Amino acid sequence: MRPGPSDPRLKEALDGYRQVGAERDQARVRRRLRELGIRHRHWTSLPGKTVTGSNSLTSTEQTVTDLVAQGLNNKQVAARMDISPHTVAHHLRQASRKRIASRVELTRIIIERTAHHP
């Protein structure tokens with residue numbers, strides 16, 4: 001039996017995957033929900049969080065930027081995160097709006113962050 005738009009099992013699965021940090025499974029369930037016409041916000045930001053610089057990135061933006069800093073292109077990042085290259089580009093634009101202007105600057109920020117927080 002195929003789940004319908006009001007089927008709570010998909011939302012329960014999404015919550016369960018979120019609790020255990022299963023990013024790819026979350027993306028798979030979100031994609032299925034989108035196919036059913038249901039959108040779920042999957043990025044997070046905390047109240048009072050910095051709005052510029054690397055500390056302002058959401059968890060999804062952080063994951064995307066970390067992968068880009070490793071040298072992956074948008075298509076490779078998309079495949080690794082099970083999202084579309086368009087979504088990767090969106091998250092990079094969001095990072096850019098937070099005054100992270102280029103992949104070079106992003107890489108520098110990631111290297112500095114990991115040097116301070118191994």
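**Reading the helix packing**

Me: How many residues has the largest nonpolar core, and which of them have the most contacts inside it?

Reply: The largest nonpolar core holds 13 residues, and those with the most contacts inside it are Val-64, Val-68, Val-77, Met-81, Val-88 and Leu-92. Such a core is a set of buried Ala, Val, Leu, Ile, Met, Phe, Trp, Tyr and Cys residues joined through side-chain atoms within 4.5 Å. Buried means under 20% relative accessible area, exposed over 50%, and partly exposed in between (1.4 Å probe, protein chains only). H3, helix H4 (74-81), H5 and helix H6 (103-116) each give two or more residues to this core. Another core, of 5 residues, lies apart from it, with Leu-14, Val-29, Leu-33 and Ile-38 among them.

This is a predicted model: local features need pLDDT of at least 70, side-chain atom pairs count only at pLDDT 80 or more, and totals for chains, interfaces and linings use all residues. Residues are numbered from 1 along each chain as its sequence is written, and side-chain values use heavy atoms, with hydrogens and water left out.

Me: How many helices and how many strands are there in the protein?

Reply: Helices (H or I, at least four residues) and strands (E, at least two) are DSSP runs, numbered from the N terminus. The protein has 6 helices and 0 strands. From the N terminus on, its elements run α-α-α-α-α-α.

Me: With which residues is Val-77 in contact, leaving aside its neighbours within four places in sequence?

Reply: Contact means heavy atoms within 4.5 Å. With those neighbours left aside, Val-77 touches Val-64, Leu-67, Val-68, Leu-72 and Val-88. For the protein as a whole, residues 24 or more positions apart account for 49% of the contacts with a separation of 6 or more.

Me: At what angle do the axes of helix H3 and helix H5 cross, and within what distance do they come?

Reply: Two packed helices are described by the angle between their axes and the distance between the axes. Axes are lines fitted to C-alpha atoms, for helices over the stretch in contact, and angles run from 0 to 180 degrees between N-to-C directions. The axes of H3 (residues 59-69) and H5 (residues 85-97) cross at roughly 100° and come within 9 Å. H3 and H5 are therefore roughly perpendicular to each other. The naming counts angles under 35 degrees as roughly parallel, over 145 as roughly antiparallel, 65 to 115 as roughly perpendicular and the rest as oblique.

On the H3 side, Thr-60, Glu-61, Val-64, Thr-65 and Val-68 meet Val-88, His-91, Leu-92, Gln-94 and Ala-95 of H5. By class, this contact of H3 with H5 has 5 nonpolar, 4 polar and 1 charged residues. Ala, Val, Leu, Ile, Met, Phe, Trp, Tyr, Cys and Pro count as nonpolar, Asp, Glu, Lys and Arg as charged, and the others, Gly among them, as polar.

Me: At what angle do H4 and H5 pack?

Reply: The angle between H4 and H5 is about 105°, with their axes 8 Å apart. H4 and H5 are therefore roughly perpendicular to each other. Asn-74, Lys-75, Val-77 and Ala-78 of H4 make the contact with Pro-85, Val-88, Ala-89 and Leu-92 of H5. Its residues divide into 6 nonpolar, 1 polar and 1 charged.

Me: What is phi of Asp-82?

Reply: Most residues other than glycine have a negative phi. Asp-82 has a positive value, near 60°. The residue lies in the loop between H4 and H5 and is partly exposed, with a relative accessible area of 22%.

Me: Is Gln-62 buried or exposed?

Reply: Gln-62, in helix H3, is buried, with a relative accessible area of 18%. Its C-alpha atom is 9.6 Å from that of Leu-92, 30 residues apart in sequence. Ala-89 in helix H5 counts as partly exposed at 21% relative accessibility. Ala-89 and Val-64 are 25 residues apart along the chain, and their C-alpha atoms are separated by 9.2 Å.

Me: Where is Gly-71 found?

Reply: Gly-71 sits in the loop between H3 and H4 and counts as exposed at 59% relative accessibility. Over the whole protein, buried residues make up 31% of the 118 residues.
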